[in-house]
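Visitor: I am new to this structure and would like to learn how to read it, feature by feature. Could you take me through it slowly?

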Amino acid sequence: MKLSKSSSVLSVVSNVDKHSTNTNLTTLFNKYVDKNNVFSWNSVIADLARGGDSVEALCAFSSMRKLSLTPTRSTFPCAIKSCSALHDLHSGKQAHQQAFIFGFHRDVFVSSALIDMYSKCGELSDARKLFDEIPQRIRNIVSWTSMLTGYVQNDNAREALLLFKEFLLEESECGGASENSDNVIKMDLEESVIVGTSIIDMYCKCGQVDLARKAFNQMKEKNVRSWTAMIAGYGMHCRAREALDLFYKMIKAGVRPNYITFVSVLSACSHAGLVQEGWHWLNTMGHEFNIEPGVEHYGCMVDLLGRAGKLKEAYDLIEGMKVKADFVVWGSLLGACRIHKNVDLGEIAAKKLFELEPNNCGYHVLLSNIYANAGRWEDVERTRSLMKNRRLAKTPGFSLVELRGKVHAFLVGDKEHPQHEKIYEYLEELNVKLQEVGYVTDMTSVIHDVDQEEKEMTLRIHSEKLAVAFAIMNSVPGSTIRIIKNLRVCGDCHTVIRLISKVVDREIVVRDSKRFHYFKDGLCSCGDYW
């Protein structure tokens, strides 16, 4: 029997027992396929590569080249994929060289396969060089994803996020961001549990939680990490009910939650103030799933109780913990004491934190805030003097906004930006409009013993307000504004941005150190609970 060009080698192999060895496939090729037909060789190489027989695939590729057959553009991707699977950098470079000789190195699919190969072999600089050499007009979702996956697999999250932002920017300018983003989840990429889970995590951290869910749904195989990543993503985006709904589906699907899953569940409850649900799962995880609550779970629960104003319950929980409370647990209590103006418990939490992390300035600042809210200015001064004597410096707050490929950074009271005068003028105009819709300055964000006018002026120049004003001034009306803040957004800024979204009819997304806030029509996704 002799196969025609259109015949698939798999049609012959399918009649062979599934446990047949690689040698059987090679024997079938030698017996039935025209060795002088490049299409037959391409089929064999592809079938072997898809079946995971990487060594045999490379042997077939080598045999084809010994016959002096001219390869086609379809020859190289599967051969290079086999080099990737084997982490065989030497063979990969040889394949790269041959692709160059035959003029296929500029083909987007060959380039993408090479990017994947170099990434898997730890040669990220070579992979990125190849990626950058692909002309923008032919760069497609495969090449973007190959480079993106390379960064993820090599634990380079920063570069992965930067590249993903570059992808969204480029595709938005071309008008195809939505279409191409959807294409990501149609690829075989999500069939890999590890890569698929990484993509889910990355989408969530980039503020694209709905795309993360599409990727999650597309995955043919999911493990506990996949489910947990999606649950955590919903929690981070203030969508606790969806997080819990997915958690119930996970259990129903027979996937057993692990230690980290319950951290994600309790964190989601904390973000939304779901006290009853939080207590339920803290108690259930040990009884039903034999997972003893750890310090991370207690930290989430203390944060949940504290935000809900149940400070006594939070303190009692800490006192009854089976593990030693760490700085996260006590820090959650201290933060809650600032929100609810509880000086006594705040001092207890601060004392514990000073013992655990004596050089952390943030705890002194929080305690100083608590004293300021209570009007105890002598204690404020004492705390500040202690910070000064120990040379403890407060982490400066800054906000970032990206417009047309350039990142703009703002500090509090920033006057370095070229447009700072126009920004302050525009903020004054906005302030008038905000007062017309009922805005009242929230003074709890200012800890200094100064007069009312000076407090209001201090709040007006916070970095996130400057960033939002700049973005509104320099972007297309109706477009979404995205801000990144390195610290937790203060109460007054949260109120101002929420009202600005209504006044200027914009959606404003702010990612602070804790979560994403989606401001629209005068409302925030967190329900003013953060």
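Visitor: How many of the 13 residues of α3 are buried?

Guide: Before the answer, please keep in mind that this is a predicted model. Ten of the 13 residues of α3 are buried, so this helix is largely enclosed by the rest of the structure.

Visitor: Which helices do the buried residues of α18 pack against?

Guide: They pack against α16, α17, α19 and α20. Helix α18, residues 295-307, has twelve of its 13 residues buried, so it too is largely enclosed by the rest of the structure. Among those buried residues are H297, Y298, D303 and R307.

Visitor: How should I read a pair of aromatic rings, and how many aromatic pairs are counted here?

Guide: In general, such a pair is described by the distance of the centres and the angle of the planes. In this model the count comes to 13 aromatic pairs. In one of them, the ring centres of F61 and F76 are 5.9 Å apart and the planes stand at 65 degrees, so the pair is edge-to-face. Since F61 lies in helix α4 and F76 in helix α5, the pair ties together parts that are 15 residues apart in sequence. Both F61 and F76 are buried. Another edge-to-face pair is formed by F247 and F262, with 5.6 Å from centre to centre and 75 degrees between the planes; here F247 belongs to helix α15 and F262 to helix α16, 15 residues apart. F247 and F262 are both buried, and together with Y248, W281 and F289 they form one aromatic cluster.

Visitor: Which charged residue sits over the ring of F216?

Guide: The charged end of K222 does, 5.0 Å from the centre of that ring. In a further case, R139 lies over the face of W144, at 5.4 Å from the ring centre.

Visitor: Which residues touch the most other members of the largest nonpolar core?

Guide: The general idea is that, in soluble globular proteins, nonpolar side chains tend to be buried together. The largest core here has 113 residues, and I200, M230 and L333 touch the most other members. Leaving aside neighbours within four places in sequence, L333 is in contact with V302, L311, A314, Y315, I318 and A349. Apart from this core lies another, of 33 residues, among them F470, I472, I483 and C526.

Visitor: How many disulfides does the structure hold?

Guide: A disulfide is a covalent bond between the sulfur atoms of two cysteines. The structure holds zero disulfides. For C238, the nearest cysteine sulfur is that of C526, 5.4 Å away. The sulfur of C526 is 3.5 Å from the closest cysteine sulfur, in C524, which is too far for a bond. C238 is buried, with a relative accessible area of 14%, and C526 is buried as well, with a value of 8%.

Definitions and conventions
Residues are numbered from 1 along each chain as its sequence is written. This is a predicted model: local features need pLDDT of at least 70, side-chain atom pairs count only at pLDDT 80 or more; totals for chains, interfaces and linings use all residues. Side-chain values use heavy atoms; hydrogens and water are left out. Rings of Phe, Tyr and Trp (its six-membered ring) pair if their centres lie within 6.5 Å; planes under 30 degrees apart count as stacked, over 60 as edge-to-face and the rest as tilted. Helices (H or I, at least four residues) and strands (E, at least two) are DSSP runs, numbered from the N terminus. Buried means under 20% relative accessible area, exposed over 50%, partly exposed in between (1.4 Å probe, protein chains only). A charge sits over a ring if NZ of Lys or CZ of Arg is within 6 Å of the ring centre and within 35 degrees of the ring normal. A nonpolar core is a set of buried Ala, Val, Leu, Ile, Met, Phe, Trp, Tyr and Cys residues joined through side-chain atoms within 4.5 Å. Contact means heavy atoms within 4.5 Å. A disulfide is a pair of cysteine sulfur atoms within 2.5 Å.
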